[in-house]
Amino acid sequence: MAEESVEKNYMLYICTGCDIGDSLDIEKLKEVADEDFSVESKTHEFLCSAEGVELIKKDIEEGVNTIIIAACSPRVNYDTFNFPDIIVERVNLREHVVWSHKPNDEKTQQLAEDYIRMGIVKAQKMELPEPYKEEITKSVLIIGGGITGLTAALEAANTGYDVVLVEKEAELGGWVKKFAKLTPSTPPFRDPREPDVDEKIKQVMENDRIKVFTSARVESISGQPGLFDVVISQNGTKEEVKIGSIVVAAGWEPYDATKLENLGYGKYPDVITNVQMEEMAADGKIVVPSTGKEAKKVAFIQCAGQRDPEHLPYCSSICCMVSLKQALYVREMNDGQAFIFYKDMRTPGEYEDFYKRVQEDPGIFLTKGEIKSISKTENGMLVEVTDTLLGEDIEVEVDLVVLATGMVPRLKKIAERLAKEEEAEGEEAKEGEEKAEATETETEGEAVSEALEEIEGILNLTYRKGPELPELKYGFADSNFICFPYETQRTAIYAAGPIRQPMGVAESEDDATGAALKAVQALELISKGAATFPRVGDLSYPEFFLQRCTQCKRCTEECPFGALDEDEKGTPKPNPNRCRRCGVCMGACPERIVSFKNYNVDMIGSMVKTIYVPEDEEEGLRFLAFVCENDAYPAFDMAALNRMEWHPDVRIIPVRCLGSFNVVWIADALSRGIDGAILIGCKYGDDYQCHFIKGSELANRRMENVQETLERLALEPERVKVVQLPISEFDRIPEIINEFVEEIEENIGPNPYKGF
Amino acid sequence: MRESIPSGQLSGNILVIGGGIAGLSAALEASEAGYDVFVIDRNPYLGGRVAQLYKYFPKLCPPYCGLEILFRRIRSNPKIKFLTMSEVVDVSGSAGNFDVTVKINPRYVDIAKCTACGECVEVCPVERPNEFNYGMDTTKAIYLPHDLAFPMKYVIDGSVCKKDECAKCVQTCKYDAIDLSMEPKTITIKAESIVVATGWKPYDATKLTNLGFGKYQNVITNVMMERLASFNGPTKGKIVRPSDGKEPSTVAFVQCAGSRDENHLPYCSAICCLASMKQATYLREQLPDSKAYIFYIDIRTPGRYEDFYTQVKEDENIVFIKGKVAKVEEGENGNLIVVAENTLTGEKTRTEVEMVVLATGMQPELSDINLPIKDLKLDSYGFATFDVPGIYAAGVARGPSDVASSVEESTAAALKGIQAAKR
């Protein structure tokens, strides 16, 4: 902020190719630049050609340092018009003007002129970003020493990074250490494989780059990526380490089978879980608990407490394979017989071959079926099954019943506790209201929360937005994007393994390797002062002019990534390395004190103010479209590519995310006579598509403030509207835009502030 | 410009074969960690199969959304370079020191000059089947592959273009971008490691003679259904049946069409159950009076995907029938009779529907493209197994997987590639 910015030498380049020259009065565009801004301009009929680029380069050599290129969309020719250390603003005359509007029409010309004005103003208000850089620690913290954590630790260390591995148990290895064999994971997918976890543990222990803490937990994490202060407690002692990035591999626990009394668990000793079965097999003997005899006939009950709204509504993905494997134990270890009762046999991909191999075994009987009852008989356990593939109900008497119970992510109980705490805080806030009577249910509720209170956290972040990775659903850690499954709402903290979604050993190892890459990649980006996903490499970051802060806390509240902490007074404490550069804080701030070097409230406000608003409504009304640059903007480009037309009185202003939309722009626009504004962003809600999690949702919420602004100005609420538009539905653009314009033109009328 | 055909000695730390979602993810993740990456793709555009999908399950969100972010990351990252219309013809050397020979097929359009203005299309007299829409419509011989094509450049199908005999596009192009005499070009790229992300193709449904594909017009495949539902598909997003353009009021989805079948693909493709459920939602949303029947062996919706199954089941006009379809017969007026055995009730059923969608599986491209990497081991289905130092497979090249799993594997492969490059 301190440096005096270099004087800007501007040049506007107008490309006349691709219908631009044939559809617009180029001389008039040049006049606008010259007369309104004293900016010189040049034209070229093929600006993206080697010759055109040469023209620009020559000017740069002669001192031009701020250029405005009025040509095609910035989404094309991106590296043709990329000049190091030069401010470049692209004005989209091709897609957003001539391909989508009538050629040689006065309105089209006015549109182009406004875009030229807006482009010049934007360039005027823009500085080259200077990255936020601090000396960082390039080390990775891995939480969890199971197969996922071990793999992540080894992979990060083998890539040349220091690793700190924290495991809560005394021994490394997690669940896999307790397993007899693993599901086959390589062709020919026929035989269960030996666990290689001991070898992994050995490699971890011998690796100089990996420091292991067992019987330990992470007590707190403060600071920001690259500069985390992590307190690890181990056997009553505390150690503080500097960490750069984090992989959360805290894993899973088996579903509490005592809730499955209907299946006989807890009632009959000879009904056990698949985990207990595995442990018996690992000990070398599969026996009937009540008698201690070898189990000869074993029934496996699939989906025990799974795919069941009363228990786990989801499928744990691995239990079918686990039971197939355990049926083979019964065959091989006890020369026994196995029965597997399933809802759907789920052996996706090449695991199908494993299923086939088990089907080939005459001692293993498989059928779809619903369990009617499990009861004790004189000689063992009776399993009654209905709706089988045999078309009739069947009964099987067995020695042992194994319930294929599912995986519960370790985050689940923590998330429940946090939700309870938040609720309690909310209630505390509602002070003064009648004191709650201690009803029975409440006492029960208290007992539950006491049990929850003992659940220790995993990360224990000191972030204002909470101590853990946000929960997605069912206690699984945040991973909402199909195309970007590693991306979480906490920068440089990645989840891997079954804490993210149910998965088996081979999948966890892959997942851990990927998460290790994300962790080391974050370090490399942050060390350069560059943003991580999705604005990867962005060197800008938000700066806060705190002297004017009123401690309203909107920015700290709304930042989707928990980048901002607060001091006691409520003043935001920025952590640039946690920031994803979406600008939600900028949109949130009523005092307009948040700005990026190349993106700020003043810049967009000035662009709005430079738009020519005819005093005479006969000349047409004026509208703004604030569009998300990630999805809506490309959608407009695609609509134009298909030569769809939309109303020419609308001026498009791209924003980093709709969440960076600041309400003041509406005041700026309407007080100058602009007739309405439409905000076009991504889908929000449970299946949100917003790349910044909540941007479009926040913009929609800010409409309340917009309505206040409208009320203050005595304007109609219909003048501002938010629309969700998936990128692929670009065909809806003409309708969306035109309906919005027509509604105001026909039913509301011009803005009375015109000409003020 | 990075989109142009390079010359001279080229090198990168990692070479990625395949520019679909798996390859692009591997390439971007590695390059964003600071490594130089080359991506090679056979198509004239990056993005692969997912570019042809209407929506992803379970969020029902558009694949273009994620692709645009991938492209945006490529645009702003000079460490990633790519070649389209290119195939690997030879690989020599070993981990840390591979020489990869790449053949660049002629695009006949100079990438550095084409502005995508589209005037060439107006004058081109030749039509060709549009493979992007699985042949359900046509494009001109010079065409833009699709709306989000990256790079946004036209291409000429050399197999149908009349070249010098016509050359109307050459005269029309103001930018001198078309060169009909373009020849294949061979270049060598040095790389320290290789990621194989060659992806999949839909199983050839004409082999499923009992299911009527290729015999009855109104039997289509699941990949075709994606195009029918897409605005930029052959019907502008209208789900209509091919024979008469009628909106189908009943559609049967035949699961495991050629999958889990010893005579075709013995494995399960892992995604078809979810894909059919997703497509049933396309149908039900667009045609509220329609009814979908899903004939299945097992419904496979692992993990949280179960929620999607639960949600789809709530629609009483999406009917799930457990039973393998024995055959599809011709009915009247272009209708079809789906013959199946309901394995739960034991009865043989004959269901008349107006359109049939075959849930065909994914076959690895590696099963017949003969990638010239002698150490690359394939299993009996053509999936890559991985015990070659310096060469890592990701996505469906390695095994049937959905998009999220492909991206995870790719990210993992990127790290393995980096490790090999660092040695």
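1. The contact between the chains draws 67 residues from chain A and 66 residues from chain B, where two residues are in contact if their C-beta atoms, placed from the backbone, lie within 7 Å. On the side of chain A that touches chain B, the elements giving two or more residues are helix 6 (147-158), helix 10, helix 13 (505-527) and helix 17 (632-641) of chain A, and the largest share, 11 residues, comes from helix 13 of chain A. Helices (H or I, at least four residues) and strands (E, at least two) are DSSP runs, numbered from the N terminus. By class, this side of chain A has 29 nonpolar, 20 polar and 18 charged residues; Ala, Val, Leu, Ile, Met, Phe, Trp, Tyr, Cys and Pro count as nonpolar, Asp, Glu, Lys and Arg as charged, and the others, Gly among them, as polar.

2. On provenance, this is a predicted model, in which local features need pLDDT of at least 70 and side-chain atom pairs count only at pLDDT 80 or more, while totals for chains, interfaces and linings use all residues. Residues are numbered from 1 along each chain as its sequence is written, and chains are lettered from A and ligands numbered from 1 in the order in which they are written.

3. Chain A contains 21 helices and 33 strands, and its C-alpha trace spans about 100 × 65 × 60 Å along the principal axes. The domain assignment, whose bounds come from an automatic or database source, gives domain 1 (1-128), domain 2 (139-251 + 458-527), domain 3 (254-409) and domain 4 (598-756) of chain A. The C-alpha centres of domain 1 and domain 3 of chain A lie 70 Å apart. Of the 756 residues in chain A, 55% are buried, a residue being buried if 20 or more other C-beta atoms lie within 10 Å of its own, exposed if 12 or fewer, and partly exposed in between, with C-beta atoms placed from the backbone.

4. Strand 15 (residues 337-342) of chain A is largely enclosed by the rest of the structure, because 6 of its 6 residues are buried. In a regular strand the side chains alternate between the two faces of the sheet. Here both faces are covered, with Gln337(A), Phe339(A) and Phe341(A) buried on one side and Ala338(A), Ile340(A) and Tyr342(A) buried on the other.

5. Strand 15 of chain A runs parallel to strand 14 (residues 297-304) of chain A, to which 5 bridges join it; strands pair if DSSP finds at least two bridges between them. The chain passes from strand 14 through helix 9 (residues 319-334) to strand 15 of chain A in a right-handed β-α-β crossover, right-handed meaning that, with the strands pointing away from the viewer, the path from the first strand over the helix to the second runs clockwise. Strand 15 of chain A is also joined by 5 bridges to strand 16 (residues 364-368) of chain A, again in parallel, and the crossover between these two, through helix 10 (residues 351-360) of chain A, is right-handed.

6. Which residues touch the most other members of the largest nonpolar core? They are Val247(A), Val248(A) and Val16(B), in a core of 401 residues, such a core being a set of buried Ala, Val, Leu, Ile, Met, Phe, Trp, Tyr and Cys residues joined through C-beta atoms within 7 Å. Leaving aside neighbours within four places in sequence, Val248(A) has contacts that include Ile143(A), Ile458(A) and Ile499(A).
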